[in-house]
Amino acid sequence: MTKNAYYADYIYYDNMIHKNSYLLVIDNIIKGISSNIEELSDYSIHQFSNSAIFPGLINTHNHLGMGIMRGFADDLPLMTWLNDYIWPTERKLLSPEFVYYSTLLSLAESIMSGVTCVNDMYFFAHNAKDAIEKAGIRGYVGFGVLDNFDKALKSADKFEESDLVSLSICPHALYTVPFDIMKKCVNYASKRNILLHTHLAETKDEENIIKSKYNKRPVELMNETGAFDCPSVFAHCVHINNTDMKIMKKKNVNVSHCIESNLKLASGFSPVKKMLDANINISIGTDGVCSNNDLSMIGEMRTVSLFHKAFNNDATALNAETVLKMATKNAAKALNRNDIGELSEGKKADFFVISFNSIHLTPVYNPISHLIYTAKDSDITDVYVNGSPIMQNKKLVHIDVEEIKYYAREKAKFLIQG
Ligand SMILES: [Zn+2]
């Protein structure tokens, strides 16, 4: 049995800030919090001075395997971007090795942003799994389904979940995957009791396509697949009206809100405040690097809060604590988990440490305000998953950053040559 106590000036424990305390961890599980060092004689003590400890951030929608394609096709409408750039390039470049290194590149960036759990959606899932295991992070490996249902499922059948890595099935969206295949994916997810992860109501174009093909709205059609009745996460949910919201509330739909991707692709404005007010569970995703273009959850949380204040003409909307909750507790709920997403007794020890030593974080009045409105990824010093460090003093423990950068630069040459 390993007993560790982590000191910080501020610890966000049981949904409130505790000052000058120790977070107690036995093996991989949080045991409690204490401010009395006398009680901790049998614990190994770790000091993080002028710092705060927060529950690890959970990114509920991304495409980690796109890492190496960042910045190669920008400033395009979604369908042109997908049809003329992303999909042809993927057909040409994707390989097990490409996905492995791309995923590691994306994970390195994610960990440096305080992320302890990722919900991924891509191809070559077994290689993504290898990368997630190598990084030591917690993750959902998503088997991407377009027209490759049988092949994807055959591959998913062989997938073995582990303590850190879970499986999900990821039909791309209703406008790219035929209705019967979407239904088959839902049945597969229900039968195996795994997560279903897909895109929903992302653009006006999607709404028009679904309307002309099925004479229904995307949320209505998704409801008919049965997807809302199994553990599931829906990325985007931008074009949502009051009727959609009623269905979503009734069915306890989990939304992954991807504000920066929606802004960059001009997809529209998701009514997040309205959905939160209706008690719909909203978490946060960055989406892939090609449509964001970074994986910073620190940056994403800030954009979420600022955007929805302006959008609702209400400075009190989506306050710092609400946004932190979206990126932690709500995200865990979206993944159908009650063992992660917050620091409290019995939960998995997934957390990050942020230093308040930088000029822009001096002095501290409210650590949550600093985290959401001021902090940068570079302020994060340490990240722990399942009680083990995966970043220590700003150095990734398991990922060789130079090796990944070398591979990414080599592959980029092929991408430029076309
Ligand atoms: Zn996406």
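Student: Is N279 buried or exposed?

Tutor: N279 is exposed, because 9 other C-beta atoms lie within 10 Å. The cut-offs are these: a residue is buried if 20 or more other C-beta atoms lie within 10 Å of its own, exposed if 12 or fewer, and partly exposed in between, with C-beta atoms placed from the backbone. This is a predicted model, where local features need pLDDT of at least 70 and side-chain atom pairs count only at pLDDT 80 or more, while totals for chains, interfaces and linings use all residues. Residues are numbered from 1 along each chain as its sequence is written.

Student: Where is N279 found, and what is its phi near?

Tutor: N279 is found in the loop between α10 (272-277) and β12. Its phi is near 65 degrees, a positive value in a residue other than glycine. Helices (H or I, at least four residues) and strands (E, at least two) are DSSP runs, numbered from the N terminus.

Student: And N20, which strand does that lie in?

Tutor: N20 lies in strand β2, residues 16-26. Phi of N20 is also positive, near 45 degrees. N20 counts as exposed because it has 10 C-beta neighbours inside 10 Å.

Student: Why flag those phi values?

Tutor: Because most residues other than glycine have a negative phi, and most peptide bonds are trans.

Student: OK, cis bonds then. Which residues does the one with omega about -5 degrees join?

Tutor: That cis peptide bond joins T362 and P363. P363 lies in the loop between β13 (351-355) and α14 (367-374). The peptide bond from N292 to N293 is cis too, with omega near 0 degrees. N293 is found in the loop between β12 (281-284) and α11 (297-311).

Student: What about V364, which residues does it touch?

Tutor: Not counting residues up to four places away in sequence, V364 touches F356 and H370. Contact here means that the C-beta atoms of two residues, placed from the backbone, lie within 7 Å. V364 is found in the loop between β13 and α14, and it counts as partly exposed because it has 14 C-beta neighbours inside 10 Å. The C-alpha atoms of V364 and N50 are separated by 9.4 Å, although these residues are 314 apart along the chain.

Student: Zooming out, what are the domains?

Tutor: The domain assignment gives domain 1 (3-56 + 341-396) and domain 2 (57-334). Such bounds come from an automatic or database domain assignment. Between the centres of domain 1 and domain 2, taken over C-alpha atoms, there are 28 Å.

Student: How many residues of each are in contact?

Tutor: 22 residues of domain 1 are in contact with 29 residues of domain 2. On the domain 1 side, α14, β14 (380-385) and β15 (388-392) each supply at least two residues. α14 gives the most, with five residues.
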